Amino acid sequence: MSIEKTPLGKNSDIPLIYDPSVLTPLSRLDSRTKAGLEEFSSQFQGRDYWTSYETSWLNEKGIPRNKILNLSYSSQSQFFIESKSLKLYLYSLNNKEFRSAEEVQEQIKEDLENSLKTEVIVELDNKPRKIEETFTSIDSEELDKIDSHPLSLSIEPEEEADVAEELSTSLFRSLCPVTSQPDWATIYIRYKGNKINHKSLLKYLLSYRNHQGFHEECVERIFSDILQRIRIDELFVRANFLRRGGIEINPVRVTPGNSPEIIREIRQ
């Protein structure tokens, strides 16, 4: 479905009855083609992780129940879910009665897999994922300025010798491709290869500040740009976006053969 036909950026009534038809899949191929990323899609694999902190339904007595919903699916799936449609779908569960949390989990899995045409891992948990901070922040790098135009391709190698680093910045911002509302995230980059100049990397990541793009597209562009400009043997890029409407989106892209693990960021 084209983005113009999705609920994003439009006034929508909160559904009062269960309605899986509001789920709106978007074509990855169309998104990557529009962003100029189609030719690089074979360079990475990964998963899109979603967390909803406001997942609620009714038990058989009509009493509300709440849990944290974690779901994920492959970055090679044909479709990805449009975020507002997922929010509307989860709202539609609020007044539906279920016999157990397991039944809710199976219903969500069935509905998402029908919409996305791919396997979806769904978990209902009582506690958020653990927080683990092991990456080195580059936020304190001294910059004279940031580029006013988006996506300044200024990533530079610093040394030819191989290194292994884990870097992060909590200063990342991009814009919704439809509403232009800001999306804030911490970007995590783990790599092995030629040492990346930290200052040029931070300057590059900050150039997304006024770029309009889906969360998934931003991560894939960062991944592809690093691979094109630095000799890298292994690369991991994760974006921990802050929640909007009670939902976080955390895309992870890695070089083939590596694990796309997800860890919660302290601001989440």
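Could you start with Asn 70: leaving aside its neighbours within four places in sequence, which residues is it in contact with?

Modeller: Happy to! A word on the ground rules: this is a predicted model, in which local features need pLDDT of at least 70 and side-chain atom pairs count only at pLDDT 80 or more, while totals for chains, interfaces and linings use all residues. Residues are numbered from 1 along each chain as its sequence is written, and side-chain values use heavy atoms, with hydrogens and water left out.

Now to your residue. Beyond its neighbours within four places in sequence, Asn 70 is in contact with Trp 50, Thr 51, Ile 121, Val 122, Glu 123, Asp 125 and Arg 129; contact here means heavy atoms within 4.5 Å. Asn 70 belongs to strand 3, residues 64–74. Helices (H or I, at least four residues) and strands (E, at least two) are DSSP runs, numbered from the N terminus. With a relative accessibility of 3%, Asn 70 counts as buried; the cut-offs are under 20% relative accessible area for buried, over 50% for exposed and in between for partly exposed, using a 1.4 Å probe and protein chains only. Further along the sequence, Ile 247 is 177 residues from Asn 70, yet their C-alpha atoms are 9.8 Å apart in space.

With its neighbours within four places in sequence left aside, the contacts of Arg 32 are Leu 37, Glu 38, Ser 41, Phe 44, Ser 75, Gln 76 and Glu 220.

Lys 117 is not a glycine, but its phi is positive, about 60 degrees. Lys 117 is found in the loop between helix 3 (101–116) and strand 5 (121–125), and it is exposed, with a relative accessible area of 59%. Ser 180, also a residue other than glycine, has a positive phi near 65 degrees. Its place is the loop between strand 7 (157–175) and strand 8 (182–196), where Ser 180 is partly exposed at 37% relative accessible area.

As for cysteines, a search of the whole structure finds 0 disulfides, a disulfide being a pair of cysteine sulfur atoms within 2.5 Å. The sulfur of Cys 176 has its closest cysteine sulfur in Cys 218, 10 Å away, so the two are too far apart for a bond. Cys 176 is buried at 5% relative accessibility, and Cys 218 is buried at 1%.

Finally, the whole chain. It has 5 helices and 10 strands. Its radius of gyration is 19 Å, close to the 18 Å that the globule rule gives for 268 residues, so the chain is as compact as a globular protein of that length. That radius is taken over C-alpha atoms, and the rule is 2.2 Å times the number of residues to the power 0.38. Along the principal axes, the C-alpha atoms fill a box of roughly 65 × 35 × 30 Å. Of the 268 residues, 53% count as buried. Among contacts in the chain with a separation of 6 or more, 76% come from residues 24 or more positions apart.
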